[in-house]
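Dear colleague,

I am handing over the structure below for your files. My notes on its salt bridges follow.

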Amino acid sequence: MEDDLPTEYDVIVVGTGMTESIVAAAASRIGKKVLHLDSNEYYGGLWASFNFEGLQKWMEDCRNPAKSSQEGEVTASTKEVEKLIKAGNQFSTVFNIEEKWYIVEELAESEEGQSVSKITQTDGEEQGKGGGDVDDAKKAEDDETEKNEAEEKPDAGDGKDVVTSAPTKQWSQAKVKKEYRKFNLDLAPKLLFARGSLVELLISSNIARYAEFRSVTRVLTWLDGRLEPVPCSRADVFATHHVTVVEKRMLMKLLTMCMEYENSSKDFEGYEDKPFIEYLKSKKLTPNLLHYVLFAIAMATDATPCMEGVARTQRFLNSLGRYGNTPFLWPMYGSGEIPQCFCRLCAVFGGLYHLKRAAEALIVSEADSKTTCQGIVSGGQRLETEHLVLGVGYAPPDFLQTAPPGGLSRGIFITDRSILPADKESLTLLQFPPVDGVSEPVTVIEVGPSTNACPPGMYVVHMTCKQQKTAREDLQAVVENLLHMEFSDGTVTRIDTDTQSTQTASPKKHSQDGEGGEEGEEEERKEKNDSVSALKPQVLWSLFFNCPETSECDLTANVPANVFLCSGPDLDLDFEFAVKQAKEIFTKMYPDSEFLPRAPDPEEIVLEGEEGTPGPTFEGDTGKPDAEGEDDENKTEAGNGEEDAGDQGNSEGAAAE
């Protein structure tokens, strides 16, 4: 038998997913006695982040769910009107798992070095020599000095008209596995809108001191068969060469109208029941602008209702400029860190945590024609509770009769370079529209070493979309457009036939030929993009899987009144749904209590009788050096600026556990 626990609680929470963790923190914060259980040895459930070895174990558990479930009959003392309902097994909800390596198991000694892919742009004196070529990898290896410089400055050129992509190590499976601790791979990668509900909650509750974020540095879209940056801010709009002067005026006018919707609602009359795209077409937008607004800014589809499209556009624009040039933040160490922040707060205020402990069954009473949950059976113990909060993966099948059969299609890829190399490592969001054989919009998030998602020399690409078939089939078209999926033995150097674009020419030629103005600048930009992105990233390893998506189904049907089911990860880019659901559950349990009031800082508790310091302002960067000792203007520490706040939270959570 497992360790005995106290037998009575105000709230028992089963599962450490995002919604469950927020509810647990909110209940503990108002003084309720909370027990938080999870059958896993890690936090987060389907919201978790893993190192590479941990992800392998998770896949094994999903492939063999019977090993993770409780075998045999569940027994516990019950009353005459009570019955036991066996809990569900979260691992049985993940399916269509496909893992594949695209590199050799071991490299020969002669292949242990690095090869640097270089695309040479001709200058004005070399126009007659042609557009450009790809240097042989062996030549780069022979030039030891050049190789060392490339290692020290992986994203920089050599100061001349040569654009050098990030040096690509000759990776093997053994070398990747050896670096397993440096990975943080998300099951449910999500971003935070800078003025979204989760950021506001982190600030107002003072949970922000437990977390750290980086700004998303660029937003891309797929337009005319190539990757294009999306102008996000007013400055971007006027600085970009991607749109003409006339288009810039049209775009600013439209965005201003969406932002001031309350004052210009007459402009939207007649479109309330029509798709957003029809309203955009009525404004005579060019195809270029229509694509940017619909797919990249509103992140909508052809079927999105007009008012929803306006709301999405407002949310994007409202978050601009708060912490960076884009509206989005990415959690350091992965999205799986966010549920742990709320678990930490719950533990600080007395919540009791027990990992590797399952809820084997629910104790349900049917007295007086009313079905209620009296508690759970865990480790052979009867644990009674006033309210039970249950992650959907642990819910009995009878509670999920309204759940849809489909879910999310997910892809995780470890690559050797960025999908669009730049002078500096970028944290990238790409909303791939339903074009070029793609049936559903696909959210693509690319993170690099600066986020602690992977070792230096690698990138991690996440893809997510609504499930139609299997994850591999749903994402295949996007994968083929962005990544190189052929097996690489490390001995063959790819040439620029495997590219997102094939045009290569001198960017200086236009000015010398007399071509100038905006058209010449556009050509120059395209040519520079062609040379920099000559090679698609080589995929080193990939994982596809499907998981349930229950955000749109009724999780209250066939469920006892005091049992609250929490949806798993949803399709949306951010955490808005999880925060909304957590608030609704908490309000049903405690309608007269405040939802997650601000927690005091440690010094406020010690210095009793003195006026407390204000909460975190979360206004921009702290200037705190990153893990490599270099300042990064995109790194944002969520908290009050104390260097030991995160460490203190870690120790508090561990002690409570």
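Is Arg322 buried or exposed? Arg322 is buried, at a relative accessible area of 12%, where buried means under 20% relative accessible area, exposed over 50% and partly exposed in between, with a 1.4 Å probe and protein chains only.

The model is predicted, so local features need pLDDT of at least 70 and side-chain atom pairs count only at pLDDT 80 or more, while totals for chains, interfaces and linings use all residues. Residues are numbered from 1 along each chain as its sequence is written, and side-chain values use heavy atoms, with hydrogens and water left out.

A salt bridge here is a side-chain nitrogen of Lys or Arg within 4 Å of a carboxyl oxygen of Asp or Glu; by this rule there are 15 salt bridges.

Arg322 forms one with Glu200, at 2.8 Å from N to O. This pair links distant parts of the chain, 122 residues apart: Arg322 sits in the loop between α12 (306-318) and β15 (328-331), and Glu200 in helix α7 (residues 197-204). Helices (H or I, at least four residues) and strands (E, at least two) are DSSP runs, numbered from the N terminus. Glu200 is partly exposed, with a relative accessible area of 33%.

Arg226 and Glu228 form another salt bridge, 3.3 Å from N to O. Arg226 is buried at 12%, and Glu228 is buried at 5%.

In helix α12, Glu308 and Arg312 lie four residues apart, about one turn of the helix, and their side chains meet in a salt bridge of 3.2 Å, N to O. Glu308 is partly exposed, at 36%. Elsewhere, salt bridges that share partners join Glu82, Arg382 and Glu384 into one network.

Regards
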